[in-house]
Each structure stands twice: as structure tokens, then as C-alpha cells.
Amino acid sequence: MPATVVVGLQWGDEGKGKTTDLLAESVSHVVRYQGGDNAGHTIVIGDEVFKLHLVPSGVLYPHIVPVIGNGVVVNPQTLLDEMAMLAQRGIDTTRVRVSAAAHVTMPYHVALDRAMEARRGGGNIGTTNRGIGPTYADRAARTGIRMGDLLDPPAIRAALERILPEKNALMVGVHGAQPMELEPLLERAVAWGDALRAHITDTTGLVQAALAAGDHVLLEGAQGALLDLDHGTYPYVTSSNPVAGGACTGGGVGPLQIDQVIGVMKAYATRVGSGPFPTELGDPIGTYLLEKGREFGTTTGRRRRCGWFDAVPLRYAVAVNSVSSIMLNKLDILSGLPEVRLGVAYRLDGELVDRWPLSLAELERVEPVFETFPGWDEDLGGVRRLADLPAAARAFIDTLEARAGVPIAIVSVGPERTQTIVRTERPARSGASWGAVAT
Ligand code: GDP
Ligand code: IMO
Ligand code: MG
């Protein structure tokens, strides 16, 4: 039975929260498979706005089991605070499940992330300062603490006795920061284990049992393909694999259990933090997108850098994720612009190229080449049928779709759950396809 992956195709903040929430209606489990509380996923239902960092976006439906998979790095304090916020707003969080194999972001990871960024000075990555890189580094170095360990106080003590002297040597010797004491850390970790005991489990077993029972599982990615550790603009990336393949390693599904990959993108581009961004706009149009699109980070409140949609990395992102169809968000934000542009190629050292350069040095040298479209003025917030969109907006969608090479199955025209144009059938438990476009 089918598993569907929702994956960002740009530099994050494409509207994955809205997409996941929309698709979650007809599935049984929503599984986050990578990233940590660096993510910020927004869901708007009527007048209510929910900003989620760790809890999967399906949590708002009472029939969903929200699962935090083994590939996620979990700051237990963020998770507890988020579950408390949801409970206070009347959302049942007793169903939330967290993988015992997910790695714990400890206070020393957060401190090291900050210290390392400060040392990088002007050449920093612009991380979210949530300790994501140091947590994944410890996972790879096999010096991490896992959520299951929090349930075993003697095991955490032994782990901290081994790990902490090394972290303190780094904190004090290299970064000139304060050391951390073992006993208070141990106390916090044991308290986290006690508070999360009912939620920590074997989530791979859970997901496999759901699939075996014929349930439809949705896997929710964080960040986006261009922030992928392997496929993104390294080193200006995050430390995990947001691409759809990450759903296998981090979500507990096998490759052949995935039958659909929904790529999420918005009608223009944004990037938070440092790194190349060929179609970035440093002019009033960039400010227009920033302000109208409310492009301020959900997690850090930072201004997002804004620019035109870049179709050059689109094909690449579609390919490395095996995208079967696309949800295009924030089309409404482009209303009111005299013209709309689309990056279609680069000029690199005098040559015209349409491939996505993997070399950072090349990416930093490229000049974008644009295709220009007439703009439109109509407010799109109330449009529910493709045929009711202005012709200029439809022409823009058609070009994006042709360049992606896969159908744009859903178009979003506002943040609210219902501000959505669905061009195909909804997925059903029977596994009905999102692939065919019916306009
Ligand atoms: P995510 O990280 O991919 O889930 O995206 P974020 O939640 O960080 O950022 C997307 C923002 O755009 C959120 O504030 C959403 O409420 C909002 N949003 C999503 N889709 C639309 C849309 O079609 N139109 C508008 N105006 N806002 C949208
Ligand atoms: P969602 O899931 C946008 C960016 C940071 C920084 C880089 C590395 O909401 O789309 P990290 O803290 O992960 O080590 O930072 O990645 N970044 C995001 N940008 N959306 C996100 O998540 C992001 N998560 C991390 O700004 O450039
Ligand atoms: Mg976000």
C-alpha cells in the first residue's frame, strides 16, 4: 500500500506545512523524516495559525497518527513545548510518536552551533542556531544520544560521562565558552525521558504495520532539495537529506513502498541564511515579495532573501526527488506586478548554460537569464478553479509545468487550507493517483 512523500523543491519555506495538512486529510499517518526544530511549518485554518517545528503537520486532524521518524533530530524541550502549545489550543497530542532511534539535540549541540557560527564570522552559513549540524555530526561520529536512551538513566549517565569531557574541551579550548556540568544535564535528560515515555517507540515498526494494514502514509520533508546535504549548495546547506530518498532512511519506508512524490514550490524563490541565489532581487520587487509574501522566518524571524522563480534547478530537483506531481504555492503573491519573470538559464563565463552547476564557485559566478511574462492585477485569494485564474497567471503555470516536466496538480492562492485549486482527484485510501491532471 502506498506511501506518499511531500518534499520541498527550493530552499525551504515553499509551504510544505500547508501541502502536508491538505493531503493529510485522506491518510492515516504523517511522518517527519529529517531535520529538526530548524523547520518551521505554518498551517492556517480559518483564523487560526499553527507554527510547527517538530510535530508533523497532520497533527491537526484527530484521525492522524503524527510520527517523528528516526531521521529527525529532536530537541526534547522544543517538542514538549510544542505539544503543550497544541494541547492548550485543544489539539490532542497523545497520538504523537517519536522514534527511539531519533537523535537528541542536547544543549551542548545548540551552544556549539552558535559558537561555530560566531567563529565563521562573515563567512557563516546562517544556520538557525538550533544545534542541527552538531547533532547530525555526532550521529555520524557515533557519539550521539538517542531518544530511547532517555528512558534509561544509567545509560544516559554513562553516555554523558563519555561525551561531555570532549564537548567541554571543545567549548572551552577552541571557542572560549563556558563548560557544561554533567549533573544538571543528566537531570534534564531524565526529566525529558519521563515526560516523553508514552511517545517514544519503534516508529519503523509502526509505519510498516500501517502499510501492511493497507493504510496510506504521508512522509513530510523539512527544508528543501537545494538545502540537501548532498544535492544542495554545499556548504550552504542543512545537515540532513530533505530529498525524497531521505524518507527511506529517516522515515522507515522502503523505496518501492513510495508511489508518489509531491514536490512543493512557490511562485517565486526565497532563501534564509547565506549561499548562492542567482535570481535574488535586491530591488523594490524583492521588497514587494518580502512584504506581500510575509517572508520572515517561521523559526528565527529573519528576513528571507527573495527573488524570481529559478527554473534551472527545478528539473534537477524534480529528477533527484522522482517528483510525480507538484503543488505550486503563493501564486496570489505575484498579483499586482507589472511583469513576472522566470529564470530559465545562466550565463557562465560568457556561455549560455541551462544545467544546475554543482560547483559553488560556478554558482557564485552565474548571471541569470530570464523569460518575462505579462503580470496580472486580480486578487486570486477567492479563485477555486483553474479556469477562473487570469490568462496571464495560467500562462505562467503552463510554462512552469513544461519546464518541470511533471504536472502541477495543485495551486495555492492563499495561506488558508481552503484557498486551494486542486487539478486532480484527491488521493484516497485506495491509492487513487495525483498524477493525472484534469483541468
Ligand atoms: P514550509 O516551511 O515549507 O512549511 O513553509 P513556511 O510555513 O515556513 O512558509 C510558508 C508561508 O506561506 C506560511 O506563512 C504559509 O501560511 C504561507 N502560505 C502557504 N501557501 C500560501 C499561499 O498560497 N499564499 C499565501 N499568501 N501564503 C501561503
Ligand atoms: P523549513 O522546513 C528555510 C537553512 C538555514 C541555513 C541552513 C543551515 O521551514 O522549510 P541549519 O540550522 O539547518 O543548520 O541551517 O539551512 N534552513 C532553512 N531555511 N527553511 C527551513 O526549514 C530551514 N531549515 C534550515 O537558514 O541557511
Ligand atoms: Mg518554513
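The model described here is predicted. E3 and E4 (residues 48-52) run antiparallel and are joined by five bridges. Within this pairing, Ile45 stands opposite Glu48 of E4.

## Ligand 1

Strand E3 also takes part in a ligand site. Ligand 1 sits in the second largest pocket. Helix H1 (16-24) and strand E3 (41-45) are the elements that give two or more residues to the shell around ligand 1. There are 20 residues around this ligand, and those that come nearest are Lys16, Gly17, Thr42, Asp332 and Ser412. Sorted by class, the shell of ligand 1 holds seven charged, nine polar and four nonpolar residues.

An oxygen atom of the ligand lies 2.8 Å from a polar backbone atom of Lys330. Arg304 contributes its side chain, where an N or O atom is 3.1 Å from an oxygen atom of ligand 1. With Asp332 the ligand atom is a nitrogen, 2.8 Å from an N or O atom in the side chain of that residue. Taken alone, ligand 1 exposes 580 Å², and the protein buries 92% of that area.

## Ligand 2

Ligand 2 sits in the largest pocket. Of the 20 residues around ligand 2, the ones that come nearest are Lys16, His41, Thr128, Gln223 and Thr238. The shell of ligand 2 divides into 10 polar, seven nonpolar and three charged residues.

A backbone N or O atom of Gly126 is 3.3 Å from a ligand oxygen, and a polar backbone atom of Val272 is 3.0 Å from a ligand oxygen. Arg302 uses its side chain, with a polar atom 2.9 Å from an oxygen atom of ligand 2. Taken alone, ligand 2 exposes 550 Å², of which the protein buries 97%.

The contacts at the two sites are set out below.

| Ligand and atom | Residue and part | Distance |
|---|---|---|
| Ligand 1, oxygen | Arg304, side chain | 3.1 Å |
| Ligand 1, oxygen | Lys330, backbone | 2.8 Å |
| Ligand 1, nitrogen | Asp332, side chain | 2.8 Å |
| Ligand 2, oxygen | Gly126, backbone | 3.3 Å |
| Ligand 2, oxygen | Val272, backbone | 3.0 Å |
| Ligand 2, oxygen | Arg302, side chain | 2.9 Å |

## The sheet

The model contains an open sheet of 10 strands with mixed pairing, in the order E9-E7-E5-E2-E10-E1-E11-E14-E18-E19. Strand E9 (200-201) and strand E19 (420-422) are at the edges and each has a single partner strand, so one side of each is left without a neighbour in the sheet.

One pair in this sheet is E14 (residues 325-329) with E18 (residues 408-412), which run parallel and are joined by three bridges. Here Ile326 stands opposite Ile408 of E18. Ser412, one of the residues that come nearest to ligand 1, falls within the residue range of E18.

## Backbone features in loops

The peptide bond joining Tyr234 and Pro235 is cis, with omega of about 5°.

The loop between strand E1 (3-8) and H1 contains Asp13. Asp13 is not a glycine, yet its phi is positive, at about 60°.

Key
Residues numbered from 1 in each chain as written. Chains lettered and ligands numbered in written order. Predicted model: local features only at pLDDT ≥ 70, side-chain atom pairs only at ≥ 80, totals over all residues. Heavy atoms only, no water. Near = heavy atom within 4 Å. Polar contact = N/O pair within 3.5 Å; in protein donor to acceptor, adjacent residues only side chain to side chain. Areas by Shrake-Rupley, 256 points an atom, 1.4 Å probe, with all protein chains shown as cover. 1 Å grid on protein atoms, 1.4 Å probe; cavity = no way out; pocket = protein on both sides within 12 Å on 5 of 7 lines; lining within 4 Å. Sits in = over half its atoms within 2 Å of the grid points. Helix = DSSP H or I, 4+ residues; strand = E, 2+ residues; numbered from the N terminus. Nonpolar A, V, L, I, M, F, W, Y, C, P; charged D, E, K, R; others polar. Pairing = 2+ DSSP bridges.
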